[in-house]
Amino acid sequence: GFKYYSIAVGSPTSTDVANLATRVRSDISWGVPVVNDAWETAKSAYYLVGHPRDRTIYHWFTTYAYSSSGSVITYEDSARSSFVSWGAGVPAYSSLSATAIAHIVGGRGYVW
């Protein structure tokens, strides 16, 4: 079954980042995406590609691939939509480091 894993707000530990990379590798090998729950604010250290940096955004996004043993995570972003006021600047598919993703889901978490 699926499990929810939370990461504390702030700076994720190296264990948090390693666990995320391991879980992404594991789920992708089984053909199952990891579903992530972003929390971005004007003070965030990292943002999903194309997301504005002047507001608070809570946003689900899906991981579907990885490279470099999970240290780079590729995701699909449903904010690329005409229904999102700032969505035109968001690529449908992007990659970020596992460290960046761990920061972005800090305070919310992910389902694996």
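Colleague: Is S68 buried or exposed?

Modeller: Buried means under 20% relative accessible area, exposed means over 50%, and partly exposed lies in between, with a 1.4 Å probe and protein chains only. S68 has a relative accessible area of 52%, so S68 is exposed. Please note that this is a predicted model, in which local features need pLDDT of at least 70 and side-chain atom pairs count only at pLDDT 80 or more, while totals for chains, interfaces and linings use all residues. Residues are numbered from 1 along each chain as its sequence is written, and side-chain values use heavy atoms, leaving out hydrogens and water.

Colleague: Where does S68 lie?

Modeller: Helices (H or I, at least four residues) and strands (E, at least two) are DSSP runs, numbered from the N terminus. S68 belongs to the loop between β3 and β4 (72-76). The loop between β3 and β4 also holds S69, which counts as exposed at 54% relative accessibility.

Colleague: How many helices and strands does the chain have?

Modeller: There are two helices and six strands, arranged along the sequence as β-α-β-β-β-β-α-β. The radius of gyration, taken over C-alpha atoms, is 13 Å, close to the 13 Å from the globule rule (2.2 Å times the number of residues to the power 0.38) for 112 residues, so the chain is as compact as a globular protein of that length. Buried residues form 39% of the 112 residues.

Colleague: How many salt bridges does a search of the whole structure find?

Modeller: A salt bridge is a side-chain nitrogen of Lys or Arg within 4 Å of a carboxyl oxygen of Asp or Glu. The search finds two. In one of them, D37 and R108 meet through their side chains at 3.2 Å, N to O. This pair links distant parts of the chain, 71 residues apart: D37 is in strand β2 (residues 34-40), and R108 is in the loop between α2 (98-104) and β6 (109-111). D37 is buried, with a relative accessible area of 6%, whereas R108 is partly exposed at 26%.

Colleague: Which side chain meets that of R55 in a salt bridge?

Modeller: The side chain of D54 does, at 3.0 Å, N to O. R55 is partly exposed at 34% relative accessibility, and D54 is exposed at 56%.

Colleague: What is the nearest side chain of opposite charge to R23?

Modeller: In counting charge, Lys and Arg are positive and Asp and Glu negative, while His and the chain ends are not counted. For R23, that side chain is D16, 7.0 Å away; R23 is buried yet has no salt bridge. R23 sits in helix α1 (residues 14-29).

Colleague: With which residues is R23 in contact, leaving aside its neighbours within four places in sequence?

Modeller: Contact means heavy atoms within 4.5 Å. On that basis R23 is in contact with Y5, V34, Y110 and W112. The side chains of R23 and Y110 also make a polar contact at 3.1 Å. A polar contact is a pair of N or O atoms within 3.5 Å; within protein, one must be able to donate a hydrogen and the other to accept it, and residues adjacent in sequence count only if both atoms are side-chain atoms.
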